[in-house]
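Welcome! Please take a moment to look over the sequence and the model, and then we can walk through them together.

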Amino acid sequence: MSEMFSMTDVTVCYDNVEAVRNVSLSVEEGQIVTVIGPNGAGKTTLLMAAIGLLASRGRLVFQGNDIGRMSVEDRVERRLCLVPEKRELFSDMSVADNLLLGSYSLRDRSGIQKTLDEVYDRFPRLKERQRQAAGTLSGGERQMLALGRALMAKPKLLMLDEPSLGLAPLIVREIFRTIASLRDLGVSILLVEQNARAALETADYGYVLETGEIVQSGPAKDLIHDKRLITAYLGGH
Amino acid sequence: MTSDIAAILAIDGIATGAVYALVAIGTVLIFTVTRVIFIPFGDIAAFTALTLAALDAKRFPGTGALVVILACIATLIEIISLLRNGELRLLPRALFFYLALPLAVVGLAWLTMRAEPPLAIRLVLALMLITPIAPLLDRIVFRPIADGTVLLLLTVSVALHFALVGLGLLFFGPEGVRTEPLTSLSTEFAGVLISGQTMLIVIAALVFSGLLYLFFDFTLVGKSLRATAVNRTGSRLMGIRPARAGTIAYLLGSLMAGVSGILIAPVNTVFYDSGFLIGLKAFVGAIVGGMTSYPGAAIGAVGVGILESFASFESSALKDVIVFSLLIPILIWRSLASLHSEEEIEE
């Protein structure tokens, strides 16, 4: 397996406060990597820096290229995609238009319809609601649309920020099943999640982020049995 | 006032309102995509009328020199920006869009003008010469402060208007112009004579609004502009570049303003500083539509046109006072009626 994405000694500051400090992590091709940690640990900040919405120090490498100075749009054109915590849907526009705009960065537009059909197959609910405005969807449907829209860009690395946030347990299971199935398509995934158990059950490798620093890492199947993590994040005693 | 006079005033008002509607739609377009309330839109409309008048008089318009100067400044700024960001690989592209393309437009207009072209070609030339101005001003003035507050952008926009009025005097001179009517036809409807020019104004407003609707609803670029207007961060995550969306919005907006300038030139005498009132009345129309709705802006602008027409009949001296007084109740109603969505609050 070759390396898809890596961060080396990445530091992100808000004014003079370091929200993320010297973080290093990597995602191999076809791997699901998760970053878990408490609220305010810097997980979202990390992804914002990875996509370029926040400036950072350190080295960001995607498919062997240094992307640290690239704009957000250049990173997206290289098929590095982020589904942000707020989803950032185009609420006044239809589900179909949201999905179509997901493919905006693709230069080869010949396979768009096929990709759209694949997204509708994966999320039949979106097909039922394709003419409906995105702003009128339920929380679960909005998350499906955010995921579907990202898939329209045929991502090589998909970064997901709290995909389970605010969703009913049944929908959360469906979302995580979808995430696991994306690995089979060869999409690498960097998953940031507060729902540590669901994330570690889905991921291959995990990092634990606390107050802006990586404090622990290892294969997900090992982390899920780690006593400290069980006490702190996995709801065990 | 008899019903005949009321009908004449209403038709006159609709025609004036249709011109304002084109500028108002352009204003909304620019605002939603870039957050800039582009006050100089009226100036762009007036400059188009002045450009067409110069072309009619077989003189090469001052617009050519204005475009060349703006292109040189924009190119210089773009080169400095690329050097600072270490993006020299983008230099050929920048030279093409900011220098070669505007110069080619001016060159083509200059060559075509020597052949003494017919009116239809002169109209195209006037629009061609006017459309690069707003995108170049965007690069020079607004791009460096794109992340500023709406208030800062508005303040700069007002300053830019005054700068353009000065440039208008320099490039076009103090004389007013009135171009020849685009058609001499006229028809009678329900006992009221309607001139061909009036019909042309309304038809042009409807056609351009319709084309804009088709562009937004049926093309990927149009949808990307709407997406930028709805959610800037979301659109960037799709790979849509706000700066490029802004340039397209300015180009389209300029085209709308240009068309309105061409339509109003045979009806009103246009001076280098006539644009301010056109832009301001269109702005009132756009505010009626909440600065975000195209149909709302168009309806608001037509309403302003009709009000102005009746106000000028009742008291010519007070017509502008009456139109702008309309703003106060509308702003009160808007501020009381507006609902803030969850996303707006989050932002």
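How many residues does the contact take from chain B and from chain A? The contact takes 22 residues from chain A and 18 residues from chain B, where two residues are in contact if their C-beta atoms, placed from the backbone, lie within 7 Å. On the side of chain B that touches chain A, the elements giving two or more residues are helix 9 (220-230), helix 10 (232-237) and helix 16 (342-346) of chain B. Helix 9 of chain B provides the largest share of that side, six residues. By class, the side of chain B that touches chain A has six nonpolar, six polar and six charged residues; Ala, Val, Leu, Ile, Met, Phe, Trp, Tyr, Cys and Pro count as nonpolar, Asp, Glu, Lys and Arg as charged, and the others, Gly among them, as polar.

Before going on, a word about the model: it is predicted, local features need pLDDT of at least 70, side-chain atom pairs count only at pLDDT 80 or more, and totals for chains, interfaces and linings use all residues. Residues are numbered from 1 along each chain as its sequence is written, while chains are lettered from A and ligands numbered from 1 in the order in which they are written.

Now for chain A. Chain A has 10 helices and 10 strands; helices (H or I, at least four residues) and strands (E, at least two) are DSSP runs, numbered from the N terminus. The C-alpha atoms of chain A fill a box of roughly 45 × 40 × 35 Å along the principal axes. Buried residues, those with 20 or more other C-beta atoms within 10 Å of their own C-beta, placed from the backbone, make up 47% of the 237 residues in chain A.

Within chain A, four strands form an open, antiparallel sheet in the order 2-1-4-5, where two strands pair if DSSP finds at least two bridges between them. Strand 2 (17-28) and strand 5 (65-66) of chain A are the edge strands, each pairing on one side only. Two bridges join strand 4 (residues 57-62) of chain A to strand 5 of chain A, and A:F62 stands opposite A:N65 in strand 5 of chain A.

Finally, find B:A94 in helix 4 (residues 91-114) of chain B. B:A94 counts as buried because it has 20 C-beta neighbours inside 10 Å. Leaving aside neighbours within four places in sequence, B:A94 is in contact with B:T75, B:E78, B:I79 and B:L82.

Definitions and conventions. Buried ≥ 20, exposed ≤ 12 C-beta atoms within 10 Å, placed from the backbone.
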